[in-house]
Amino acid sequence: MTYRITLLPGDGIGPEIARVARAVIEHTASLSGFSVRFEERAFGGASIDRYGEPLTDETLAACQAGDAVFLGAVGGPKWDNAPSRPEAGLLALRQALGVYANLRPASVHPALADKSPLRPDIVAGTDLLIVRELTGGIYFGERERTADKASDKCTYSRAEIERVARVAFEQARLRRGKLTSVDKANVLETSRLWRTVVSEMGTRDYPDIELDHMYVDAAAMHLLRAPASFDVLLTENMFGDILSDEASMLPGSIGLLGSASLGDAKPGLFEPIHGSAPDIAGQDKANPFGAIEAAAQLLVSLGEAGAATRVRGAVDAMHEAGEWTGDLGGTLTCSQTGVKLVERLERQAVAA
Ligand code: IPM
Ligand code: MN
């Protein structure tokens, strides 16, 4: 079996961490008995520099033709005043691929409990998953701007809420059976519809799932007060963007988190949740574990769950050995982290 993966390294530290993710996928593939073919394309700022736009039709077609898309990161101050921003390419890609459900897991490895800015006793045992709606809401609403007035419209349909909620309920079933739906139903009409639809689905289709509803401001607080009390959180697009950056601090570094964006069909889009970190770009300092976790999620989407488990096992072993990049107090460079991980994968394969 040969899978086709479109690789969009992007900007800033994107190429550095994407290189590591690619090597990890290639090595696990050969150890697991399948093969992968990567097709690399410029995306985001890199594509603006080359083609004048962040996502060309050719790149989109390449993404749509493959089995999965891996993205490094996009954006940077260089393009802040560009006519079309790198981020616009990412939003267009998400929409064109129809990846409406964005899965952002955050768990605290015991060896990392003292790396979090929160007390170890607070973060211990945290293992949560944010399911963020990704192709609707205020991100994609009508925008207006005059010199003195601006507006961004937030709209959600029942169908948009149902399909992402279904993903969240199903994930809860695979995990600890608890779902917290986040909204601002005390103020927003979209949130009132959100709460109604999710409640109906809970009663009708998922009576086995323990469902509760929480206002987004309270959720932001409880994420810091008692993060281990959450299992799956379901959010609309903007709330999930904000809460997932907050949640990324629980394990100690935003560099650790990966994400999967999924629709009804292949390909999914896989990326670390961090940005392009232009301040450390090109210095081989970036933490590639988030990209590696995204690679593991990509392998799961291909139906290669065993390969994903091997990758995560090797990551855990590195955490236990304290083999980290500088953001976690370690001494490894980004590329050294990749080399160590591949060595561990190979050792595991020999031992197995
Ligand atoms: C993310 C990012 C993007 C978002 C930006 C780069 C458009 O912050 O993936 O969380 O807001 O969705
Ligand atoms: Mn974000």
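Predicted model: local features only at pLDDT ≥ 70, side-chain atom pairs only at ≥ 80, totals over all residues.

Trainee: How do you know that the largest pocket lies between domain 1 and domain 2?

Mentor: Domain 1 (1-99 + 263-352) and domain 2 (101-254) both give residues to the lining, so the largest pocket lies between them. Its volume is about 950 Å³.

Trainee: What makes a residue part of the lining, and which residues lie nearest the centre of the largest pocket?

Mentor: A lining residue has an atom within 4 Å of a point of the pocket. The largest pocket has 33 of them, and Pro105, Arg175, Glu293, Gln297 and Arg312 lie nearest its centre. Elements that each supply at least two lining residues include β4 (101-107), α6 (158-174) and α11 (305-320).

Trainee: How does the lining of the largest pocket divide by class?

Mentor: There are 18 nonpolar, 9 polar and 6 charged residues.

Trainee: What is the volume of the second largest pocket, and why is it placed where it is?

Mentor: The second largest pocket has a volume of about 500 Å³. Of its 21 lining residues, Glu87, Leu90, Arg94, Tyr139 and Asp241 are the closest to its centre. Domain 1 and domain 2 both contribute to this lining, so the second largest pocket lies between them.

Trainee: Which element gives the largest share of that lining?

Mentor: That is α4, with 4 residues. By class, the lining of the second largest pocket has 9 nonpolar, 3 polar and 9 charged residues.

How values were computed:
Residues numbered from 1 in each chain as written. Chains lettered and ligands numbered in written order. Heavy atoms only, no water. 1 Å grid on protein atoms, 1.4 Å probe; cavity = no way out; pocket = protein on both sides within 12 Å on 5 of 7 lines; lining within 4 Å. Points joined across faces, edges and corners; volume = space filled by probe spheres on them. Nonpolar A, V, L, I, M, F, W, Y, C, P; charged D, E, K, R; others polar. Domains from an automatic or database assignment.
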